[in-house]
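Student: I have a chain to study. Can we go through it step by step?

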Amino acid sequence: MTPTPMTTTPDALLALRATTPQTGAPGTTATADPRDPAESAAPGAVGRAAGPRIPAARSGADPAVRIPAQGGPAADPTGAADAAPTDGDTSGAPAPHDPCAHGFLPERPPVRSMIGTWTRLDAMAREAAVAPDRATALDVVGRADRAEELTALRQRVSRLSPRNAEAAAMRVAVIAVSCGWSALDPQAPAAREVANEAFLELWAAIAHRIDHDQFVALPTLALHNWAPERKPRRHIPIDQLARTEQLVPIVRWAPEGQPLSRLDRLMLAATRLEAHGIWLFRLADTLAGRAPDDSSTPTALRRLVRIQHALRAQLHSEAAELASAPATDQQRAVLGALAEQGALEPPVLQAADAVLGIGGRRLGEGRRQHLRRHLPAQHRAWLSAMDRHCAPVRTLAHRGGPDAAVYREAQESLIALRRTYTALVQTAAAPTPGPLPEAA
């Protein structure tokens, strides 16, 4: 049974959709390496520099609904080019990222299955995910090391396209958490005393390839581990695809032919939360640089409240199916390890926090950066920019009047949304209830 996405769009989202153009992400091309069809050509061209997009000062009609259109051809939602190299920027630098286009979702649907030499990594991740215990997962890595498969993959990392490198990173993350290594730094000498050395070298090489050391976290596992159940009939933006289509995990944490596990459903719920949260990213962009006494500020904050209420309702809709799904001790250990590292916070909640500033005040700035370290560099840069440019709006916390009341309502709605998500994680990690006692 596959999870069903929320089909009812709240009024607030409909209102925003009416004023927001829906466009796709730019497509990309690459030159294939004849030695291995899963890999792209060696680095060559230089791509555009990436960085956060911050709006300039605006005036005139209600800017709370003035979302700039995103140009470029539509994204490929079919997955037909999953296995082919699609590296338009062969410099290895990530493509420019605009969260207003599709949040922190990947530019295109994740790679369903890798080909060439990388099929072995695919198989290892699937085998490690369904391992009944940590020892079995460790044996999967040990066998791959003895067959020198890990070394062969390590030698090919530099030729991966960015999209396939992200796909490989997701699979490495699955293996790392299954083996209990999620807290390790693969480049630290001490890690070699705990984990398989060949796997650590592969892990470190992929981390260098995607310029993201701390990628073993729920955002990587969730946002790069889903696919639409059926092939969409037309090209649609990635966030709309994740909102409207039934999703299935690429690497399942439940054996094939069996119902999805709680961990599967939690990660799909996090993906759909990100897809529905696109409106929150656009409002964050609207509020950046806005003066607290600007007449459009309370309007945008009220819409932020409605969106956060809608996201909370969506999580509630996921709770019943998640609670009834099966879970194993191994999967609960995976969730516990990620929670201990602060590696479960969805990016969309971090975006709301960057606007409203709750995390910085309640947890301390160091803790906020600790939560963000699991995101790619471009995402962290965008959040830091929001921290700076939304600072004027956050001064409403120290004022009185109706505008300040709206700001505090937005803070309270974010706190409630975070608590709902935490409750969903706790449900996923809770022991599976045993059979009910038979009636006497």
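**Questions on the chain**

Tutor: This is a predicted model. Buried residues make up 54% of the chain's 440 residues. Ask away.

Student: How many helices and strands does the chain have?

Tutor: Take the strands, then the helices. The chain has two strands. Its helices number 19.

Student: What share of the contacts between residues at least 6 apart in sequence join residues at least 24 apart?

Tutor: Start with contacts between residues at least 6 apart in sequence. Then pick out those that join residues at least 24 apart. Their share is 81%.

Student: Where does pLDDT stay under 50?

Tutor: The chain averages a pLDDT of 79, and 74% of the residues score at least 70. Where pLDDT is low, the predicted coordinates should not be read in detail. One stretch under 50 has zero contacts beyond four places in sequence: residues 434–440. Another has 214 such contacts in the model: residues 1–94.

Student: How many residues of H7 are buried?

Tutor: H7 is mostly covered. Its buried residues include Phe199, Leu202, Trp203 and Ile206. They pack against helices H3, H4, H5 and H6. Of the 14 residues in H7, the number buried is eleven.

Student: Which residue caps the N-terminal end of H7?

Tutor: Look at the backbone nitrogen of Ala198. A side-chain oxygen lies 3.0 Å from that nitrogen. The oxygen belongs to the cap, Asn196.

Student: What does helix H17 reach from its first C-alpha to its last?

Tutor: H17 runs over residues 377–389 and has 13 residues. Among its buried residues are Trp382, Leu383 and Met386.

Student: Is Cys390 buried or exposed?

Tutor: Buried means under 20% relative accessible area. Cys390 has 0% relative accessibility, so Cys390 counts as buried.

Student: How many disulfides are there?

Tutor: A disulfide is a covalent bond between the sulfur atoms of two cysteines. The test is a pair of cysteine sulfur atoms within 2.5 Å. By this rule, the count is zero.

Technical notes
Residues numbered from 1 in each chain as written. Predicted model: local features only at pLDDT ≥ 70, side-chain atom pairs only at ≥ 80, totals over all residues. Heavy atoms only, no water. Helix = DSSP H or I, 4+ residues; strand = E, 2+ residues; numbered from the N terminus. Buried < 20%, exposed > 50% of the residue type's maximum accessible area, 1.4 Å probe, protein only. Contact = heavy atoms within 4.5 Å. pLDDT = per-residue confidence, 0-100. Expected span 1.5 Å × (residues − 1). Polar contact = N/O pair within 3.5 Å; in protein donor to acceptor, adjacent residues only side chain to side chain.
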